[in-house]
Amino acid sequence: MNVAFILIAGLTLGSAIAAMSLRNLVHCALCTVITFAGLAAMYLQLNAQFVGFAQILVYVGAVAILILFAVLLTRNSENQPNTLLASPSWIIGILVAISVSGTIIYAVVKSTRLAQTLPPAPEATVQKIGEQLMTNYVLPLEIVALLLTAAMIGAVIIAMRDKNEKEDSGSKMITGNARERVSQPSTIHHPSSSQKTTR
Amino acid sequence: MLGTGIIKGMVETARNFVGSYHDPERLTTVQYPEERLAPKENGRSFPFLVFDGNDQQAGLRCVACQICEKECPPQCIYINKSKDKKPDYVGKLQFYPATFDIDISVCMSCQICVEVCPFEAIKMDQVFELSTSDRFGKLLLHKPQLAKPNEYFHQLHPTDANEVDARLGEEKRKAEAKAAAAAAAAAAKLAAPKPAPDEPTKAT
Amino acid sequence: MQSLDQIFVTGKQWLLAFLPEALQPVGSILLVIAAIFGVFATLFAVTTILERKILGRIQNRFGPNRVGPFGFFQPAADGIKMLTKEDIVPRDADKIIHFLAPLALIIPVALALSVLPYGRNMVPVEFDAGLLFFFAVGASTELSVFMAGWSSRNKYSLVGAMRGIAQMISYEVPLVLSTVTVIMIVGSLSLVKIVEAQSGFLFGFLPSWHVFTPWGFAGFFLFMIAATAESNRSPFDLPEAESEIIAGYLTEYSGFKYALFFMGEYWGMFAISGLSVTLFLGGWNAPFPFLQFIPSYIWFFTKLVLIIFTFIWLRGTVPRLRLDQLMSFAWKFLLPLALTNIVVAAIWFFSRALQFPGALGLRWIFCAAILAVSYVWLGRGVAQAQRAKRVYQYAE
């Protein structure tokens, strides 16, 4: 149990540090994914199956891809000079961080609430989570469900409107295209910009 | 309705799938090493050299004119002209190729050498099982491998071969006739003036 | 018959009895892993040869028939060829990620295979939220596609990866939504419970599988389409479209890594087919009461092979979709139909209270009518969109 915890914690922390310090942004994003997966493993180790699986499904499956797409769609993500480490604000940042976390740790350790004995951890099975969601937390659940469904239907409607819009603003689009076409030769004169886009 | 096309297509492929098992007519594949398709008359693979008669050295039609060597687009023909001459099919003395090599790893089977050959000496072969373990030496065919009898040519391309034979026969006949005529003329010439001086000699 | 049905379970217990007490859990895990790898590696080999032979027959050819009897040793020859090939890594490739990408595919897929119930009492790992686990690990295969495409430093690879990710994300929505109906009706995320809910027979002979209900049939239909897209199989094989982008994200892979990718894709197909068997086709339940003497795992694998055959059949029939057709099909047809199906499943669930004679038929007709109407209506929309003249923004 302890060995597993240490391994998972080490992996999570290590990949998190790598995610901050690696130069290549895609590597950073992939390290973030390992951190997400490590957190999921941590949840599973605490017998929180549902949260663990949801963590994998949402973070490893979806958020990671979102991050990767964001990285790829932003400008030249590679070979950036590694200038961040040398800046003086970095040292100030460390000092602030140490003082803040020190204060918090001090307060937590000194607090009287910590001395209380903890109640036995409740068993968070999927069934219990479901029951809680359907009784105590039914309103937030419904609101979230409504929001998400509305968002999804909205996305579909945006996708569907595509055709009508083309019919309505067909003339506009042609002029837009023509303008684009006219402006195209000017981009040829900038080899640097074209290189960036073809990378 | 959406999906009917897919169902139609699936029925069609299912019919093929089942049909190919009980109806061998559907299968277009030829199981190659065991079964073979009959060779097509217009099929061609790589060039070969035609010779007449039984002796490939004596009967080789090639006169080493090197037109094919010059015309070959991928430059896969290598010819060395001989120093001496030998008589060709009409009996005229011609050069012959001392060496005639074709690199079939380079040849692209375009048949241009056949088109340009004025002597009907190079024709397209139909052999295709030429794989070898030595890609340099054994794909460079030499004269003895390239030379094949006229009968073989007849076997591969009968129409073409008959036409060629007819033409060559015609030429040979003409040449012979010409030679005969020339010989006759020469003989006549020889005979005609001879009596003249003869006569005077006789007369004298 | 009971003993034959449980032969693998008792066999495992018998084998474990040889081990000391402390090692038994580890031994059990290793045995299960070995069984999964052995069974599915064999199934992979058999599927590759069957696929090539079936595709050949569909095109009126013989298919491979040289190696061994009827060509059935072809997978061995292919395997030897794959393993002895040079492992080429492009010079500019990101070597670590290029190396890790096949592993990032094969590990989630193997994990997904480990939660399926293969027979009575034959679940490698039994989770309360098995279905969620399946989708969780299934979603992480997208990362492997991205890693392979990005690390190869090849534009075809990257285009393939982008297509793959876009396609997988789009089709995951109808895939999950079509399974929501099953969760609603059964009331559990556990795959074992879902299979148990489909045991028993209606009127004594009709299997009470989910596929034989209106929502279940629609769900199965949606699930299979989305599953075809998720496993990148024709007609949704855009990420690997040979005629367009060489081999997509697999372009720069060779030798053993390619073999791993290839196997991972087939395993993904097996996993998702197994899930559809579990969710809709009654899992390991026999189709008729008098066939119950045949062991449960044989039923599971028979259904699995039938679904794989359907995949192959479909591949031999339909041409590849265009990217815009792919997207509009997912978002404008599958997704609304999946949402309708959830409503229909809710109607089905709550109309269980109706108990008068003929209630079942009425429920059936009502639910089927809703689905049929929405199918025709949505299908007409898709068909009209396809018939409209396509405007090429940059090509004209």
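**Note on cavities, chain form and backbone geometry**

1. Four cavities of 30 Å³ or more are found in a search of the whole structure. A cavity here is a set of points, on a 1 Å grid over the protein atoms alone, where a 1.4 Å probe fits but cannot get out. Grid points are joined across faces, edges and corners, and a volume is the space filled by probe spheres set on the points. The model is predicted: local features need pLDDT of at least 70, side-chain atom pairs count only at pLDDT 80 or more, and totals for chains, interfaces and linings use all residues. Residues are numbered from 1 along each chain as its sequence is written, chains are lettered from A and ligands numbered from 1 in the order in which they are written, and side-chain values use heavy atoms, with hydrogens and water left out.

2. The largest cavity has a volume of about 320 Å³. Its lining comprises 26 residues, with C:V109, C:G138, C:T141, C:E230 and C:G268 nearest the centre; a lining residue has an atom within 4 Å of a point. Of the elements of chain C, α12 contributes the most to this lining, with six residues. Helices (H or I, at least four residues) and strands (E, at least two) are DSSP runs, numbered from the N terminus. By class, the lining of the largest cavity holds 17 nonpolar, six polar and three charged residues. Ala, Val, Leu, Ile, Met, Phe, Trp, Tyr, Cys and Pro count as nonpolar, Asp, Glu, Lys and Arg as charged, and the others, Gly among them, as polar.

3. The second largest pocket contains about 1,500 Å³ of space. Its lining has 41 residues, and B:G3, B:I6, C:F221, C:I225 and C:Y375 are the closest to its centre. Two or more lining residues come from each of α1 (4-22) of chain B and α10 (214-230), α13 (296-315), α14 (323-350) and α15 (359-387) of chain C. The lining of this pocket divides into 30 nonpolar, 10 polar and one charged residue. A pocket is an open set with protein on both sides within 12 Å along at least five of seven lines.

4. Chain B has eight helices and six strands. Its radius of gyration is 28 Å, well over the 17 Å that the globule rule gives for 204 residues, so chain B is more spread out than a compact globule. The radius is taken over C-alpha atoms, and the rule is 2.2 Å times the number of residues to the power 0.38. The C-alpha trace of chain B spans about 120 × 35 × 35 Å along its principal axes. In chain B, 31% of the residues count as buried, meaning under 20% relative accessible area, with exposed over 50% and partly exposed in between (1.4 Å probe, protein chains only).

5. Chain C comes to 15 helices and two strands. The C-alpha atoms fill a box of roughly 70 × 70 × 45 Å along the principal axes, and 53% of the residues of chain C count as buried.

6. A cis peptide bond, with omega about 5°, joins C:S234 and C:P235; C:P235 is in the loop between α10 and α11 (242-245) of chain C. B:Q111 has a positive phi near 75° and is partly exposed at 22% relative accessibility. B:E120 has a positive phi near 55°, lies in the loop between α4 and β4 (122-124) of chain B, and counts as buried at 12% relative accessibility. Most residues other than glycine have a negative phi, and most peptide bonds are trans.
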